[in-house]
Amino acid sequence: MTESSYVLILDFGSQYTQLIARRVREASVYCEIHPFSHGVDAIQQKRPAAVILSGGPASVYGLDSPQLDPRILQQDLPVLGICYGLQAIAHVLGGTVEPAVQREYGRANLSYVNRDSVLLEGITEGALIWMSHGDKVVRLPAGFSTSASTPDTAVAAFESEDHRIAGVQFHPEVVHTPQGETIIRNFLYKIALLKPEWTMASFIQTTCREVRERVGDAHAVAALSGGVDSSVMVALLHRAIGDRLHPIFVNNGVLRKNEAEEVLSTFRDQLHIDLHYVNAADRFLAKLAGVEDPEEKRKIIGEEFIGVFEQEAAKFPNVKFLAQGTLYPDVIESVSFKGGPSATIKSHHNVGGLPDRMVLELIEPLRELFKDEVRVLGAQLGLPDSIIWRHPFPGPGLAIRVLGEVTADRVALLQEADAIAMEEIRKAGLYRDIWQAFLVLLPVRSVGVMGDERTYEYVAALRAVEATDGMTADWFKIPWEVMATISNRIINEVRGINRVVYDISSKPPSTIEWE
């Protein structure tokens, strides 16, 4: 990263903040997200070439609303405000923001007011955009002009006279604004005058250098689950510090069928990476006994993971770090991003599930990447497709797919059913088309008839979704004949399950995992 290619994104609480970062990185420009309150400090320390202000759920006049520090607009930096960011700019510079008569949410059409707009260059008249706001700018600050409007919003976009400060009331970062990518690239290339220089190759080089500087002569242990995230993380850190990285694979008793054997074979035999294996299944299952609350399950598994790693780390010399494969969606759904005000949805074992006190320092080199970016990174690191394209698997494993109490018997039922579903999905050639597919064992039983006998057994739910980055998802339309085969095989081959249902919920409002 150089100063000429760095963009600072200030988080004002939008659930879309990470999507802004995604669009910037897709434009091959490096960016970082910081909470709005760290804006001036981050500018002074990082010296970015441009600043983007995110949206947010608050009103600029709210008592507890996040306020834009006026000094940010005094740094002679190009600034783009999105939704709340636009309102914050107008408010700070003396414009007027008022509550809209009716909250505008959803699709709208953009009309030009100023054809000389640099920000909207190349955008077609009537372009479809996505609105989500309750306030609107009704009077511009001095030195600004309106660039575009919609039937319900007079100031849908504005720019300063020199075009260095601009804003849009809509969300160009979401897919519902089809030409939003052009708007963001106009800001990056034509207003901030940045060049598309950031690539995965540069990410590898920068990250390896930063890890080597931080670790120094110490050693690190890595939490390896066998999924794409932790596998790519291990490959990246192995490139950075070599044999001073000690990957540890823990069998926590809630893995998929034959997963331990497959992980050991892949890393030891194919990748020739020395993998330390720990069978702690009994330990985890004992801790989970009687626990039904999903958040408690996550906390227990997080604490046990750290406990195991700290014990195993003692077997290696000079270990001071624990590496994890945490990604952007893990962070945004667990805690306010980097101290920002974004809303918490649920905790993840490798984020919110960590105990308050840890002996080892954390290294999370993938923390600001999305899943598809991690796959690109994995390919550049030489990982096989069998790892790169493996469906996401939650850190707490089957513990959050066995709804209710987790027992060895219920885990075994789910392992068998899930293995059948994955086998049939692969046979049908659907595995690469589906973002994530899995079975959930429900905490209910239903009546059935098998061999003229009454059964009273568990219900399994099949979940399959299509997505790009996991932030949003829609249910996947598995062909009926494939679903019929999956259902028939599970009911006939897995003793203890007599009913299979299919989950057709999207994200939002549902999450991908059930717990």
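This is a predicted model: local features need pLDDT of at least 70, side-chain atom pairs count only at pLDDT 80 or more; totals for chains, interfaces and linings use all residues.

## Stop one: Gly227

Select Gly227, which is buried, with a relative accessible area of 10%. Buried stands for under 20% relative accessible area, exposed for over 50%, and partly exposed for what is in between, with a 1.4 Å probe and protein chains only. Gly227 sits in the loop between β10 (219–224) and α6 (228–241). The helices (H or I, at least four residues) and strands (E, at least two) are DSSP runs, numbered from the N terminus.

Residues are numbered from 1 along each chain as its sequence is written, and side-chain values use heavy atoms, with hydrogens and water left out.

## Stop two: α5 and α11

Now select residues 200–215, helix α5, together with residues 371–380, helix α11. At what angle do these two helices pack? The angle is about 80 degrees, and the axes are 10 Å apart. Axes here are lines fitted to C-alpha atoms, for helices over the stretch in contact, and angles run from 0 to 180 degrees between N-to-C directions. α5 and α11 are therefore roughly perpendicular to each other. Angles of 65 to 115 degrees count as roughly perpendicular, those under 35 as roughly parallel, those over 145 as roughly antiparallel, and the rest as oblique.

Show the side chains of Met200, Ala201, Phe203 and Ile204 in α5, which meet Glu373, Val376, Leu377 and Gln380 in α11. Contact means heavy atoms within 4.5 Å. The residues of this contact divide into six nonpolar, one polar and one charged. Nonpolar covers Ala, Val, Leu, Ile, Met, Phe, Trp, Tyr, Cys and Pro; charged covers Asp, Glu, Lys and Arg; the others, Gly among them, are polar.

## Stop three: α13 and its surroundings

Go to residues 408–427, helix α13, which has 20 residues. From first C-alpha to last, α13 reaches 29 Å, close to the 28 Å expected at 1.5 Å a residue. That expected span is 1.5 Å times one less than the number of residues.

Among the buried residues of α13 are Arg410, Asp418 and Glu424, as well as Val411, Leu413 and Leu414. To see what covers the buried residues, show β15 (436–450), β16 (453–466), α14 (480–493) and β18 (497–502), which are included in that cover.

Keep α13 and α14 on screen: their axes come within 9 Å and cross at roughly 150 degrees. The two helices are therefore roughly antiparallel to each other. On the α13 side the contact is made by Ala417, Ile420, Ala421, Glu423, Glu424, Ile425 and Lys427, and on the α14 side by Val482, Thr485, Ile486, Arg489, Ile490 and Glu493. These residues divide into seven nonpolar, one polar and five charged.

After α13 comes Gly429, with a positive phi near 70 degrees.

Most residues other than glycine have a negative phi, and most peptide bonds are trans.

Select Asp76, in the loop between β3 (50–53) and β4 (79–82). Asp76 is not a glycine, yet its phi is positive, about 55 degrees. Is Asp76 buried or exposed? Asp76 is exposed, with a relative accessible area of 62%.

Then select Asn318, in the loop between α9 (294–313) and β13 (319–323). Asn318 also has a positive phi of about 55 degrees and is not a glycine. Asn318 is partly exposed, at 38% relative accessible area.

## Stop five: cis peptide bonds

Move to the segment after β18, where Pro508 lies. Lys507 and Pro508 are joined by a cis peptide bond, with omega about -15 degrees. The bond from Pro508 to Pro509 is cis too, with omega near 10 degrees.

Select Ser28, in the loop between α1 (17–26) and β2 (30–35). Which residues does Ser28 touch, not counting those up to four places away in sequence? They are Lys195, Pro196, Glu197 and Trp198. Ser28 and Trp198 are 170 residues apart in sequence, but 4.5 Å apart in space, C-alpha to C-alpha.

Finish at Thr96 in strand β5 (residues 96–112). Thr96 is buried, with a relative accessible area of 19%. Leaving aside neighbours within four places in sequence, Thr96 is in contact with Tyr61, Lys136, Val137, Val138 and Arg139.
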